[in-house]
Amino acid sequence: MAAFGFHTLALLTAIGFAGPLLASVPRLRIPVVVGELAAGLIIGRTGFGVVDVANPTFELLANIGFALMMFVVGTHVPVRGGALRAAVPKATGRAVVAGGVAAALGVGLATGFGTGHAALYAVLMASSSAAVALPVIDSLRLRGPHVLSVTAQIAVADAACIVLLPLVIDGKRAPTAALGALGIAGCAVVLYALLRVIDRRGWTQRVHRYSEDRRFALELRFNLVVLFALAALAVSSHVSIMLAGFALGLVIALIGEPRRLARQLFGITEGFFGPLFFVWLGATLQVRDLGSHPKFILLGIGLGLGAVLAHCAGRLFGQPLTLAVLSASQLGVPVAAATIGTEGHLLAAGESSALMFGALLTIAATSIAGAVAARGQAAEETEKPATTDKST
């Protein structure tokens with residue numbers, strides 16, 4: 001399909017329904033992203049080749065979806081709670097230990113498979129995904145000090161690995177990427193300071209009320225302008241746009257995201273741009289290469305199991321095993337690695353598919369661990385009243 005028009009958009013939007021449809025199957029609890037990736041595989045390079053993934057318009061829309069997705073991920077990082085900040089030191093310690101184990105496993109996998117990507121594998125296995133884990137924690141109503149601590153750990157690992165990924169995936173451009181990352185970080189700091197001043201003077205609430213009364217969506221427009229400007233800076237400095245989206249999301253999370261803005265972002269991201277990005281990503285993957293290079297199937301298994309093993313090191317510090325496994329969830333970092341690697345031809349044939357396969361394994365492990373943790377919490381809450389009755 002060479003031309004990209006409304007018929008293509010209609011097709012891609014319809015195909016995006018594969019995610020919610022699979023996710024609605026009782027008991028399976030398949031993440032929405034899995035269905036969208038699978039649909040992309042069917043219509044893309046692996047399947048029937050219905051869409052042209054190299055089409056500039058398709059790539060631009062997908063990149064907008066990628067930037068928005070990372071923006072939303074950044075806004076989900078819980079950085080404002082005082083109790084959460086108190087849990088950061090121990091959480092950081094666990095994240096560092098997990099990173100050390102991941103580094104050792106990364107060297108082993110890179111050596112065993114002869115890819116030379118030890119640093120990349122280490123960052124992938126050390127990463128966590130706030131976008132996956134936090135909704136699981138909320139939906140299962142997990143709570144308590146251990147849950148608060150693992151939330152902080154996920155936030156630390158997610159932020160650190162998103163910053164590190166552009167530096168390790170392409171060593172030749174690491175100095176340029178480092179400067180670009182510093183530039184984006186500097187812009188984020190300036191934006192935070194500016195928004196703090198505006199908020200303290202009450203201008204934020206005035207704009208919010210004016211925009212709501214007139215239905216102008218000024219907050220959404222402002223954030224999109226800043227997001228696209230940061231994305232342009234990222235592209236020009238050879239840094240992934242994921243860093244631009246994530247940095248802006250963290251700024252908004254620190255200031256406090258208005259509910260109206262959250263609903264608007266949810267609508268445009270989850271309703272269109274996000275599914276389109278994941279369909280595009282699935283379409284770009286060439287899973288047939290896994291058949292031609294079976295070793296990359298084992299690499300995906302190794303990355304998934306390695307991530308779980310690295311994060312289970314938290315058990316040495318008294319962290320419940322279920323929550324340790326929950327912290328191993330991956331999404332944004334592997335997606336970014338596969339996207340950057342595919343666009344820059346930095347990965348071997350089939351390697352990007354292996355990265356996504358490993359990420360899907362961690363999502364499956366997270367789903368199981370979350371369900372077990374919820375059952376354990378329910379059992380504890382049931383036992384407490386009984387214990388109290390006996391004592392009285």
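Let's start with Leu191, which is buried, with a relative accessible area of 10%. Before we go on, please keep in mind that this is a predicted model.

Now, what does Leu191 touch, once we leave aside residues up to four places away in sequence? Its partners are Phe222, Val226, Leu248 and Val251. If you'd like a sense of distance, pick out His7 on your screen: Leu191 and His7 are 184 residues apart along the chain, and their C-alpha atoms are separated by 39 Å.

Let's move to Asn223, in helix α12. Is Asn223 buried or exposed? Asn223 has a relative accessible area of 4%, and the cut-off for buried is under 20%, so Asn223 counts as buried. A polar atom of the Asn223 side chain lies 2.7 Å from the backbone oxygen of Glu219. With residues up to four places away in sequence left out, Asn223 touches Phe71, Leu248, Ile252 and Leu261.

Which backbone atom does the side chain of Asn55 reach? The answer is the backbone nitrogen of Thr57, at 2.9 Å.

Next, please find the loop between α11 (203-214) and α12 (218-236), where Arg215 is placed. Arg215 is not a glycine, yet Arg215 has a positive phi of about 60°. Is Arg215 buried or exposed? Arg215 has 73% relative accessibility, and the cut-off for exposed is over 50%, so Arg215 counts as exposed. Ala217 is found in the loop between α11 and α12 as well. Ala217 is not a glycine either, and has a positive phi of about 55°.

Now for the empty spaces inside. Rolling a probe the size of a water molecule over the atoms shows where empty space is left. How many cavities of 30 Å³ or more are there here? The count is 2. I'd like to show you the second largest cavity, which has a volume of about 40 Å³. Its lining is made of Leu124, Leu303, Gln330, Pro334, Leu355, Gly358 and Ala359. Which helix gives the most to that lining? That is α19, residues 351-391, with 3 residues.

Let's zoom out to the whole chain. The secondary structure comes to 19 helices and 0 strands. Along the principal axes, the C-alpha atoms fill a box of roughly 75 × 60 × 45 Å. How does the radius of gyration fit a compact globule? For 392 residues, a compact globule would have a value near 21 Å, and the chain has 21 Å, so the two agree.

Of the 392 residues, 48% count as buried. And if we take the contacts with a separation of 6 or more, residues 24 or more positions apart account for 80% of them.

How values were computed:
Residues are numbered from 1 along each chain as its sequence is written. This is a predicted model: local features need pLDDT of at least 70, side-chain atom pairs count only at pLDDT 80 or more; totals for chains, interfaces and linings use all residues. Side-chain values use heavy atoms; hydrogens and water are left out. A polar contact is a pair of N or O atoms within 3.5 Å; within protein, one must be able to donate a hydrogen and the other to accept it, and residues adjacent in sequence count only if both atoms are side-chain atoms. On a 1 Å grid over the protein atoms alone, a cavity is a set of points where a 1.4 Å probe fits but cannot get out, and a pocket is an open set with protein on both sides within 12 Å along at least five of seven lines; lining residues have an atom within 4 Å of a point. Grid points are joined across faces, edges and corners, and a volume is the space filled by probe spheres set on the points. Helices (H or I, at least four residues) and strands (E, at least two) are DSSP runs, numbered from the N terminus. Buried means under 20% relative accessible area, exposed over 50%, partly exposed in between (1.4 Å probe, protein chains only). The radius of gyration is taken over C-alpha atoms; the globule rule is 2.2 Å times the number of residues to the power 0.38. Contact means heavy atoms within 4.5 Å.
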